[in-house]
Amino acid sequence: MTTTLPTRSTGPTGSAKPRKRGAGRQLHGGKVTYAVLILFTIGSLFPLVWTAIAASRNNTRLAETPPPFWFGGNLFKNLEIAWTDANMGTALLNTLVVAGTITVGTVLFSTLAGFAFAKLRFRFRGFLLLLVIGTMMVPPQLSVVPLFMVVAKLGWTDQLQSVVLPTLVSAFGVFFMRQYLKEALPTELIEAARVDGASSLRVIWHVVFPAARPAMAVLAMLTFVMAWNDFFWPIIALTQEGSPTVQVALAGLGRGNIPDQSVIMAGALLGTLPLLIAFVLFGKQIVGGIMQGAVKG
C-alpha cells in the first residue's frame, strides 16, 4: 500500500513557493496594546463625560474647587431649560437640513470633479487643479465681507441657503476624490464601458460611483461633522430669532451678566447627541467603507 505525501505548491520555474509566516493567522494584541487603547479611549470619552457631569450640576457647584467628578440631580432640568431657551428643536432641524444638504452636494460635486481631474483629458487640467488646491490656502476670514455683501444683496440674510450654498463644494473634497479615483478606478474599465456604448452619465452612475463608494462614505462623514459643528459663518449669516443652527442657538445660552455654565453644558450635550447617534447607527458602514478603500486585492 503506497502513501501519497502532500506536495508543496511550485512556482512557474518548478521551485517550491515559500509559505509566508503567519499567513491566515489572526493577530492578537498584547497587554501593552490594550493598555494604550484603554488610555486613548478614556481620554477621548472624558470631554463628553465631563460635559454630562457639568450639565447635571448647578452654576454654584461648578465654580467650587475642586470641581465635581460625578453626576448630580439637575440634568433633566438643565436640559429642559436649554431646550426652551435656545429653541433647540428648531435649531436641530435647521442644522440637520443644512448639514445634510451640504454633505450630499459636496460628495456629489466633489466626486464628479475628482473624476474629471483624475481620468478625463482636457485643456488646462493641471492649471485648474492647482487653482482649486490654491483656494485651500486662502483663510476663510478674508472672504467674509464680500460673501456677506453678496448674501445681503440677494436678500438671503437669516435664511438657510446663505449657509448652504457657499459651502456646497469644497476644494478638499475635490482633491480627495481625485487622488482616490486616480488609483482605484482603472482607465481600462472606463474604456470598456465606452466601447459597450455607455453614455457619460451611465459611466458615472455604473462605473465611477461604485468604485468611489468607500471614499464617498469617508468624505460624507467628514463633511457632515464639519457642517454640523460650523460656527464662524452661520453666526454671521443667521440670527437666533430667525433660523438658527445648533451652534448659533448655543451662543445665546452664554449671554447675561453671570452665564449659567450648567445650562450651557446641557445645550452642548443636546447638540452633540445627534452626532453620537449617527456614529452608533452608521459607524460600522463608515469603518467598512474605509477598510474597503484601504485594502485592495
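**The pocket and the cores**

The lining of the largest pocket divides into 21 nonpolar residues, nine polar and one charged. Here Ala, Val, Leu, Ile, Met, Phe, Trp, Tyr, Cys and Pro count as nonpolar, Asp, Glu, Lys and Arg as charged, and the others, Gly among them, as polar.

Before going on, some housekeeping. This is a predicted model, where local features need pLDDT of at least 70 and side-chain atom pairs count only at pLDDT 80 or more, while totals for chains, interfaces and linings use all residues. Residues are numbered from 1 along each chain as its sequence is written, and side-chain values use heavy atoms, with hydrogens and water left out.

The protein has 13 helices and zero strands. Helices (H or I, at least four residues) and strands (E, at least two) are DSSP runs, numbered from the N terminus.

Back to the pocket. Rolling a probe the size of a water molecule over the atoms shows where empty space is left. On a 1 Å grid over the protein atoms alone, a pocket is an open set of points where a 1.4 Å probe fits, with protein on both sides within 12 Å along at least five of seven lines; lining residues have an atom within 4 Å of a point. The largest pocket holds about 920 Å³ of space, a volume being the space filled by probe spheres set on the points, which are joined across faces, edges and corners. Of its 31 lining residues, Pro140, Pro166, Thr167, Ser170 and Met226 lie nearest the centre. Helix H10 gives the largest share of that lining, six residues.

Now the cores. A nonpolar core is a set of buried Ala, Val, Leu, Ile, Met, Phe, Trp, Tyr and Cys residues joined through side-chain atoms within 4.5 Å. The largest has 32 residues, and Met88, Trp228 and Val246 touch the most other members. Helix H4, residues 88-119, provides the largest share of this core, six residues. A second, separate core has 20 residues, among them Ala118 and Val203.

Which residues does Val246 contact, leaving aside neighbours within four places in sequence? They are Met88, Ala91, Leu92, Thr95, Trp228 and Gly271, where contact means heavy atoms within 4.5 Å.

Last, Phe209, which sits in helix H10. Phe209 counts as buried because its relative accessibility is 15%; buried means under 20% relative accessible area, exposed over 50%, partly exposed in between (1.4 Å probe, protein chains only). Beyond residues up to four places away, Phe209 touches Leu108, Thr111, Leu112, Ile204 and Met216. Leu112 is 97 residues from Phe209 along the chain, with 9.1 Å between their C-alpha atoms.
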